[in-house]
Amino acid sequence: MTTRTGPRISSRKQPKQARSTELVAAILQAAEQVLAEEGATRFTTARVAEKAGVSIGSLYQYFPNKAAILFRLQSDEWQQTQDMLRSILEDTRHPPPARLRNLVHAFFKSECEEAAMRTALNDAAPLYRDAPETREVKANGQRTIQAFIDEAAPNAPTAQRALAGDVINATLGAVGKQFSETPRKPAEITTYADAVADMLCAYLAALH
């Protein structure tokens with residue numbers, strides 16, 4: 001039995017010089033514009049190269065196919081979310097419930113601000129969702145949440161802490177996606193985030 005593998009989505013090489021870094025940045029900026037204007041179904045490397053003002057050969061030096069470009073856009077978004085998540089949950093100046101509440105508010109605000117790009121990237125997800133790179137990025141975020149739960153509820157059974165990490169991660173992802181699919185005003189985001197934070201903080205308190 002063979003293991004099915006997806007398309008290659010890792011960049012061919014990483015830019016090492018300023019000129020190469022600028023080229024990759026221009027390609028990614030153009031890719032965002034093409035994705036926003038054309039959608040995932042009409043997204044092609046040729047369109048991105050034209051928008052960026054570079055040759056298709058130059059683009060292929062760094063991205064082997066369109067899946068690699070789209071995954072880079074997605075992974076950059078994931079990385080920003082994970083950096084935010086880590087900075088809030090590891091901020092020991094605040095007690096765990098306050099950190100969780102701060103995270104929920106920041107997460108919902110971010111989800112609503114990035115809704116249009118995220119929706120377009122979700123349409124492209126079949127191109128890279130089964131790739132090992134995708135699984136690793138998602139696992140990193142899960143580990144950060146799990147480390148927070150382990151710190152916040154050290155006396156809870158291991159299995160209960162593991163379940164709590166899964167529940168919080170899944171709740172934020174699913175509810176944040178559903179909520180941000182409709183344009184929201186700042187007051188709506190605050191009210192909804194408060195409600196979700198109340199629920200998750202109560203759940204966290206019950207673990208002790």
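Colleague: Which residues in helix 8 meet which residues in helix 9?

Modeller: This is a predicted model. On the helix 8 side, the contact includes Leu-163, Val-167, Ile-168, Leu-172 and Phe-179. Among their partners in helix 9 are Ile-189, Tyr-192, Val-196, Met-199 and Tyr-203. By class, the contact has 13 nonpolar residues, two polar and one charged.

Colleague: Why are helix 8 and helix 9 called roughly antiparallel?

Modeller: Their axes cross at roughly 165°. Angles over 145 degrees count as roughly antiparallel. Helix 8 and helix 9 are therefore roughly antiparallel to each other. The axes come within 12 Å, and the crossing is right-handed.

Colleague: What about helix 5 and helix 8: how do they cross?

Modeller: Their axes cross at roughly 35° and come within 9 Å. This crossing is right-handed. Helix 5 brings Leu-100, Phe-107 and Glu-111, among others, and helix 8 brings residues including Ile-168, Gly-173 and Lys-177. The contact divides into 10 nonpolar, three polar and two charged residues.

Colleague: What makes up the lining of the largest pocket, by class?

Modeller: The lining has 10 nonpolar, eight polar and six charged residues. Nearest the centre lie Trp-78, Phe-107, Lys-138, Asn-169 and Gly-173. Gly counts as polar here. The volume of this pocket is about 750 Å³.

Colleague: Which helix gives the largest share of the lining of the second largest pocket?

Modeller: Helix 4 does, with four residues. Helix 1 and helix 6 each supply at least two. Glu-32, Asp-76, Glu-77 and Glu-114 are among the lining residues. Asp and Glu count as charged, and the lining has four charged residues.

How values were computed
Residues are numbered from 1 along each chain as its sequence is written. This is a predicted model: local features need pLDDT of at least 70, side-chain atom pairs count only at pLDDT 80 or more; totals for chains, interfaces and linings use all residues. Side-chain values use heavy atoms; hydrogens and water are left out. Axes are lines fitted to C-alpha atoms, for helices over the stretch in contact, and angles run from 0 to 180 degrees between N-to-C directions. Angles under 35 degrees count as roughly parallel, over 145 as roughly antiparallel, 65 to 115 as roughly perpendicular and the rest as oblique. A crossing is left-handed if the near helix is turned anticlockwise from the far one by less than a right angle, and right-handed if clockwise. Contact means heavy atoms within 4.5 Å. On a 1 Å grid over the protein atoms alone, a cavity is a set of points where a 1.4 Å probe fits but cannot get out, and a pocket is an open set with protein on both sides within 12 Å along at least five of seven lines; lining residues have an atom within 4 Å of a point. Grid points are joined across faces, edges and corners, and a volume is the space filled by probe spheres set on the points.
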